[in-house]
Amino acid sequence: MKKQHGESAPENNTRAKVSVGRIIGKSALAFSVTLGIGLVPAAAVTAGAVAVARPEHTKELLYALKGDLTPAEQAIRDAGEKAMGVDVPVRCAPIPQTQEGVHINGYTHMKDGPLPAAIRMEDQACDGFMRVVSRQEPFSEDEVKAVAASVGSATHEYVHARWNTSDESLTDCYAFQNSYYMTIAAGAAPEVADQIAGTIAVERPKVAPAEYKTSPECRADGAQDLGYDIAYFPIVS
Ligand SMILES: [Zn+2]
């Protein structure tokens, strides 16, 4: 599951080297909000989420972000900055579940002119993320899927913000590759990061709605390979 690459490890803020041309045409429209889909049973997934225009949410979230950060919000924001070199505020709060059969774990307000990007994470996903903070022991089989889903969602939202893309397939591909570093950035042991990233690589493809399915280029040495020393790619059996 662990892919080793020949390139040396880039530093935090420069790890994300990607050709701009690869993203052009996939950039988010103004006001677009992207939805993060949690790991839910495949049978329950009925549709892919879409980027939708909801400018009022940008105002609402930026207003909400004026308050102090909770420990979970601080931990996720710090990890996102360390792992992907982008400082994006995050708010943990209930998210209205508007799509039947799909659980929304988070969404990202894309940068819009003077309005910066901002992220909302569902409360349970924030709780799950907190369980990897400073974690030194691998999780049990019973625990790991839920924790991995939370880390995967946080990583996914920060990828949206970092690459300013609303392309869910590309975002998931980059999230696969960044989830190891997101877990390390939360202070977890490499063994834990390996377990989390490996679980995402196995479990996420089972439940990804059509729009989130990764491209054949999402593989080692494929066009969407970010060239990290340690990267996980979707494992589809
Ligand atoms: Zn998304």
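The model is predicted, so local features require pLDDT of at least 70 and side-chain atom pairs count only at pLDDT 80 or more, while totals for chains, interfaces and linings use all residues. Residues are numbered from 1 along each chain as its sequence is written.

**First stop: two crossing helices**

Select residues 141-163, which form helix 5, and residues 190-207, which form helix 7. Helices are DSSP runs (H or I, at least four residues) and strands likewise (E, at least two), numbered from the N terminus. The axes of helix 5 and helix 7 come within 9 Å and cross at roughly 90 degrees; axes are lines fitted to C-alpha atoms, for helices over the stretch in contact, and angles run from 0 to 180 degrees between N-to-C directions. Helix 5 is therefore roughly perpendicular to helix 7 (a term for angles of 65 to 115 degrees). Next, display the contact residues (C-beta atoms, placed from the backbone, within 7 Å). Among them are Val144, Val147 and Val151 of helix 5, and Ile196, Ile200 and Arg204 of helix 7.

**Second stop: the nonpolar core**

Now select Ile76, Phe129 and Ile196, the residues with the most contacts inside the largest nonpolar core, which has 50 residues. Such a core is a set of buried Ala, Val, Leu, Ile, Met, Phe, Trp, Tyr and Cys residues joined through C-beta atoms within 7 Å. A residue is buried if 20 or more other C-beta atoms lie within 10 Å of its own, exposed if 12 or fewer, and partly exposed in between. Helix 6 (168-185) is among the elements that give two or more residues to this core, and the largest share, 10 residues, comes from helix 6. Centre the view on Phe129: not counting residues up to four places away in sequence, Phe129 touches Ala72, Ala75, Ile76, Ser150, Val151 and Ala154.

Select residues 118-121, strand 6. Ala118 and Arg120 point one way, Ile119 and Met121 the other, and all are buried. Strand 4 pairs with strand 6 in the parallel sense over 3 bridges (pairing requires at least two DSSP bridges), and Val90 has Ile119 as its bridge partner. Strand 5 (residues 104-109) runs antiparallel to strand 6, joined by 4 bridges; Tyr107 stands opposite Arg120.

**Last stop: Ser134**

Finally, select Ser134, in the loop between helix 4 and helix 5. Ser134 counts as exposed because it has 12 C-beta neighbours inside 10 Å. Apart from neighbours within four places in sequence, Ser134 is in contact with Gly187 and Ala188.

Methods:
Angles under 35 degrees count as roughly parallel, over 145 as roughly antiparallel, 65 to 115 as roughly perpendicular and the rest as oblique. Two residues are in contact if their C-beta atoms, placed from the backbone, lie within 7 Å.
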